[in-house]
Amino acid sequence: MSFANIVIGPIIIALIFGFIIGTRLHLKEENSFKFTAGAIVALIVGGFIMAYDIGQFAYYQDLPIATTCYNWRFDWQCIIRRTSERRSLGNGIYFN
Amino acid sequence: MSDYTTSIRSLIMALATIIFASALFDALYGFKHLIQPGINLVYNAIGTQLVPNMVTLVVFDWRGFDTLGESLILVTAVLVVLLVFGKGKILDKNINEEIDSGIDDEGDDE
Amino acid sequence: MVEGKKSPNWNKNDSSPILKIMTLPIAIIMIALGIMTILGGHITPGGGFQGGAMIAGAIIFCVIIYGVDGSPFKISHKFISTLESVGALAYVLLGLAGLALTGSFLYNVGGNLYGLVPPAIVAIFSYPDVTHSGIVPYLNIAVGLKVFVGLSAVVIAFSQFKKLAEEE
């Protein structure tokens with residue numbers, strides 16, 4: 001894991017996207033629901049745990065959390081290794 | 001509507017159908033020789049180097065113009081729903097206030 | 001209960017308090033997942049349409065449980081029209097960029113599959129990513145915005161028709 005080459009595109013665009021939808025969020029309702037600051041903190045912590053468990057996209061190997069959904073974190077290396085073996089065998093199955 | 005107009009329309013419709021059918025048949029006749037499979041070969045060979053997800057590659061790169069129309073279908077559907085079922089009325093407070101004040105001003109002027 | 005703190009009025013819309021507690025956090029997580037699906041459209045299964053539908057699902061969930069007036073996500077008419085226009089304009093402008101530079105509409109300027117564009121222009125349009133996907137993620141984002149506001153607009157309009165019928 002190296003922080004030198006962080007893929008910055010999805011992070012920035014996801015922040016912009018979340019900001020656009022988040023501006024529509026009005027939590028100061030007198031009724032109907034109770035969503036306090038503690039709930040927001042709990043949601044952020046839960047979100048980070050979820051992001052860590054989800055892992056990264058394929059091809060992204062910069063951060064241990066999901067910057068942008070699929071647990072390829074462990075399987076992907078295996079697939080790349082197998083693919084290179086196949087490529088050396090030359091049976092016509094190529095990845096990337 | 002008189003019988004004369006109807007018969008003229010039927011004649012035009014029959015002619016148009018014949019022209020369209022012959023054009024379609026002409027296009028389909030020998031269709032095998034008209035197809036150039038080059039673009040398909042290109043996308044199948046080096047497409048995944050561009051975008052790893054082949055479906056997205058086809059939808060947004062090869063057939064991007066289709067997707068533009070496809071995304072406009074949703075707008076059209078919403079418009080038609082609002083026009084047919086809502087009779088053009090949207091209950092947004094700001095817009096309704098603007099409309100109401102505009103109508104009132106016009107009435108005062110009259 | 002602490003004195004001075006108001007307890008929420010649970011039974012305003014005849015929804016269960018369980019639903020009213022759980023819906024907003026679930027909706028926020030659904031929105032996050034939808035954004036993930038949109039941004040991973042060029043790598044993983046899914047894309048702009050699917051991710052936009054997921055975000056719209058979260059908004060619809062809130063509208064159904066809390067009602068239109070009490071919903072925490074207030075999607076106004078201006079917001080819908082703005083995002084719809086931004087999505088369509090972004091798509092068309094990216095297509096026009098390809099038309100101006102190469103002569104074919106929606107040519108993938110960032111990906112440059114046929115090598116028609118000089119590298120300086122490719123660097124502007126390419127998505128900052130490990131893949132060389134070009135403008136495909138931007139088109140995904142544009143379609144995601146359009147689908148999100150489009151699908152939300154249908155449900156919000158329908159729930160406002162109900163109020164309209166009650167007033168008349």
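Predicted model: local features only at pLDDT ≥ 70, side-chain atom pairs only at ≥ 80, totals over all residues.

Reader: Why is Leu34(B) called exposed?

Author: Its relative accessible area is 54%, and exposed means over 50%, so Leu34(B) counts as exposed. You'll find Leu34(B) in helix H2 of chain B.

Reader: What makes the nonpolar surface patch, and which elements give two or more residues to it?

Author: The patch is about 630 Å² and is made by Phe20(B), Leu24(B), Leu28(B), Phe31(B), Leu34(B) and Ile35(B). Helix H1 (3-28) and helix H2 (31-34) of chain B each give two or more residues, with H1(B) giving the most, three. A patch residue needs over 30% relative accessible area; Leu34(B), at 54%, clears that.

Reader: How much of chain B is buried?

Author: Buried residues are 20% of its 110 residues. Chain B has six helices and zero strands.

Reader: And which residues have the most contacts inside the largest nonpolar core?

Author: Phe17(A), Ile21(A), Ile35(C), Ile55(C), Phe73(C) and Phe148(C), in a core of 39 residues. H5(C) gives the most to this core, with eight residues. A second, separate core has 16 residues, including Leu94(C) and Val147(C).

Reader: What does Phe73(C) touch?

Author: Among its contacts are Ile21(A), Leu25(A), Ile28(C), Ile59(C) and Cys62(C), leaving aside residues up to four places away in sequence.

Definitions and conventions: Residues numbered from 1 in each chain as written. Chains lettered and ligands numbered in written order. Heavy atoms only, no water. Helix = DSSP H or I, 4+ residues; strand = E, 2+ residues; numbered from the N terminus. Buried < 20%, exposed > 50% of the residue type's maximum accessible area, 1.4 Å probe, protein only. Core = buried A, V, L, I, M, F, W, Y, C linked by side-chain atoms within 4.5 Å. Contact = heavy atoms within 4.5 Å. Patch = residues over 30% accessible without salt bridge, like charges linked within 9 Å, V, L, I, M, F, W, Y side chains within 5 Å. Areas by Shrake-Rupley, 256 points an atom, 1.4 Å probe, with all protein chains shown as cover. Salt bridge = Lys/Arg side-chain N within 4 Å of Asp/Glu carboxyl O.
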